[in-house]
Amino acid sequence: MAEKTKAALEDEIQKKLLNNPMYDTLVQYFKHFAPGGKCASIYFTDDISCIICAIKYGTARLYMDVYIEKTGAINTMVFDFREIFDHVVINDGKQDHGQGSDFESFIYDIITQSGFDGRNLCLFNGYQDQLSEDKDKEKYCALGVCLIDYEDPEFNPVTPWASVLNKILNALDVINGEKLNKLVKQDVDKAGTYYAFSYWMIMIAGYVAILGGILLIALNKSWPAFINWILGIVLILAGLLCGPNFTWFIFRHNKEYRTTTGDVLKEFIKPEKQIFNTLED
């Protein structure tokens, strides 16, 4: 019973986080559009939540712990490059990921190539995987990017996380000398205007109900006319609520996302809580 309560509370928290398009677009991208994308929860709290995301890069995946404020604002993305280093960069078995290793030099190369300001960069010499409570689990060198005051005109203003990820992947391409970055702005924008299949089914059912109501009134001769009219009007009204209403909502949301206006702008909240020290601190 306690576990159910905990799960219900976490579900409630995540639904609130999804109100912010900054978090919502990230989740939809990694679930539906990222090449080899994965998105899993780690923990949700009333203060700071964390999820793990992954994207395919060559024969490996780039993993990241994404820290989210209670407003749904993405605060910091901490990147785990171990799998890429082992299987793409050196194409060998598991290597040393500790201090003073080639892996640490690899992290510094990414910092150099990505071009982030020091105020946005967090460097971890002993970061521990947030997926596990095992305190003996390997601590490794990791790179974090803080999104406080981070902007990039190349992407939609509500998806700064996409710019961060794109810069990291481009830096990896430069270091590896091979174009493996498959992130494209069009897919990110699709995530920003994504609607679940159930939403589309409700909208289609609305138009079917309108058509059914019209046909019931116009063609049905089996029932008394007043019953046809009553049922027909009920079907039409229900259809109008689900069909054209949902269509207008999709159209309006897509326009607001492209122009960053309306509810999209109102619900977009930037990060402001300092979680990790940056290179300038």
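## Second largest pocket

In this predicted model, the lining of the second largest pocket comprises 10 nonpolar, 2 polar and 4 charged residues. The volume of this pocket is about 210 Å³. Its lining is formed by 16 residues, of which Tyr150, Glu151, Pro157, Phe268 and Lys270 are the closest to the centre.

## Largest pocket

Two or more lining residues are contributed by each of the elements α2 (21-33), α6 (185-192), α9 (244-259) and α10 (262-267).

Helix α9 makes the greatest contribution to this lining, with 5 residues. Classified by residue type, the lining of the largest pocket contains 10 nonpolar, 6 polar and 6 charged residues.

## Nonpolar cores

The largest nonpolar core consists of 56 residues. Within this core, the residues with the most contacts are Phe30, Leu62, Met64, Phe79, Phe81 and Trp161. Helix α5 (residues 160-176) supplies the largest share of the core, namely 8 residues. A separate core of 14 residues lies apart from it, including Cys50, Tyr67, Val78 and Ala142.

## Surroundings of Trp161

Trp161 is one of the residues with the most contacts inside the largest nonpolar core. When residues up to four places away in sequence are not counted, Trp161 touches Met22, Thr25, Leu26, Tyr29, Phe30, Ile74, Met77, Leu147 and Val188. Among these partners, Phe30 is likewise listed with the most contacts inside the core.

How values were computed. Residues numbered from 1 in each chain as written. Predicted model: local features only at pLDDT ≥ 70, side-chain atom pairs only at ≥ 80, totals over all residues. Heavy atoms only, no water. Helix = DSSP H or I, 4+ residues; strand = E, 2+ residues; numbered from the N terminus. Nonpolar A, V, L, I, M, F, W, Y, C, P; charged D, E, K, R; others polar. 1 Å grid on protein atoms, 1.4 Å probe; cavity = no way out; pocket = protein on both sides within 12 Å on 5 of 7 lines; lining within 4 Å. Points joined across faces, edges and corners; volume = space filled by probe spheres on them. Core = buried A, V, L, I, M, F, W, Y, C linked by side-chain atoms within 4.5 Å. Buried < 20%, exposed > 50% of the residue type's maximum accessible area, 1.4 Å probe, protein only. Contact = heavy atoms within 4.5 Å.
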